[in-house]
Amino acid sequence: MDCTRRRFIKILGICGAAALIDDDPLLADPLSPSLHPNSEFGLLNDGTRCIGCHSCENACREYNNLPAFETRPDGEILYPTELNDRVFTRIESKTIPSVDSSTGETVTYRRHQCNHCLHPSCVSACPVGALVKSPEGPVYYRAERCIGCRYCMNACPFTIPKYEWNSNKPFIRKCTMCSEKVLQGEPTSCASVCPTGAITFGTRNELLEEARQRIAQDPDRYHNHIYGEFEVGGTNVLYLSSSAVPCADFGFPMNVGNESYPSLTWAALSRVPGIALYVVVWVTFVYFITQHRIPEELKNRESEKTDSDLKE
Ligand code: SF4
Ligand code: SF4
Ligand code: SF4
């Protein structure tokens, strides 16, 4: 065995060992950052206070340098009807018969965005640590690490991460809870502009207390459920909805369970990055060997052919 090949096998061994003792903090157990979940920052979205003014959508678009919304020829803005790689939050409305029959109908609203799970399955599914769960609460994205495998999209129980399908250099896009601001202790852009207090920024503990108080003070107004308190092990974005249109009617997935998804899969997934690295190195090694063997075999065959030609 020549020196280069011996060195290669040594590297292979080191990578194999690294696979078994991988301690990259960004690939660490995603359950660990949430040891103090109630002190993480989050948002309380109160659908009963929302008036559908779309200020939050515009503030999000501006903060994230996202393109302007389409407009009709008469200038009316066409607000988005779904989250996508250029829309990180949107307001959904529902028209219901009014309790007061004299006013006919009432419109109620719900805001959509990433829920910033306490134990995010997008983070645990990402094999390269491109999605990060910060101890402060936000689940944010490191584009430079992303390999475009889109495992996060499949893993999220709320189908939040979106892919830039129309870009030459596509990335994953989603609400980051304005992580640059929140990591400095500042409120998110959407919370800052909401004129009615429908979006409250604070620690999860404060938000849960506030939500319980609102339900207790006005039980007729609110559906008695804080969405995100327990779903998928808890989320940092919490929702209150009106008693007339409970969470389920607004399309909140109600079958996600209360157990954190990574706790079910992490034992197996935690070894994936290391094993994947080992497989890549092993395949490269096999390629290296075969590419050296083939020319030698060809050379031998060529020399045999030349010998027989000379004999003739
Ligand atoms: S809602 Fe989805 S994208 Fe957002 S943190 Fe949870 S798993 Fe990740
Ligand atoms: S938290 Fe920031 S990124 Fe998320 S919806 Fe609000 S403004 Fe947009
Ligand atoms: S800014 Fe507040 S009131 Fe206006 S649409 Fe957003 S959540 Fe509703």
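Trainee: Where does T159 lie among the secondary-structure elements?

Mentor: T159 is in the loop between α4 (151-155) and β6 (162-163); helices (H or I, at least four residues) and strands (E, at least two) are DSSP runs numbered from the N terminus. This is a predicted model, in which local features need pLDDT of at least 70 and side-chain atom pairs pLDDT 80 or more, while totals for chains, interfaces and linings use all residues. Residues are numbered from 1 along each chain, chains are lettered from A and ligands numbered from 1 in the order written, and side-chain values use heavy atoms, without hydrogens or water.

Trainee: What is the phi of T159, and is this residue buried or exposed?

Mentor: Its phi is near 45°, a positive value in a residue other than glycine. T159 is exposed, at 53% relative accessibility (buried is under 20% relative accessible area, exposed over 50%, partly exposed in between; 1.4 Å probe, protein chains only).

Trainee: Where is H54, and is it buried or exposed?

Mentor: H54 belongs to the loop between β1 (41-46) and α2 (55-63). H54 is buried, with a relative accessible area of 18%, and has a positive phi of about 70° although it is not a glycine.

Trainee: Which residues come nearest to ligand 3?

Mentor: Of the 13 residues around ligand 3, these are C50, C53, H54, C56 and C194 (near means a heavy atom within 4 Å). The shell has nine nonpolar, four polar and no charged residues (Ala, Val, Leu, Ile, Met, Phe, Trp, Tyr, Cys and Pro are nonpolar; Asp, Glu, Lys and Arg charged; the others, including Gly, polar).

Trainee: How does the shell around ligand 2 divide by class, and which residues are around this ligand?

Mentor: The shell of ligand 2 comprises five nonpolar, five polar and one charged. Among the residues around ligand 2 are C60, N64, R111, M177 and C190.
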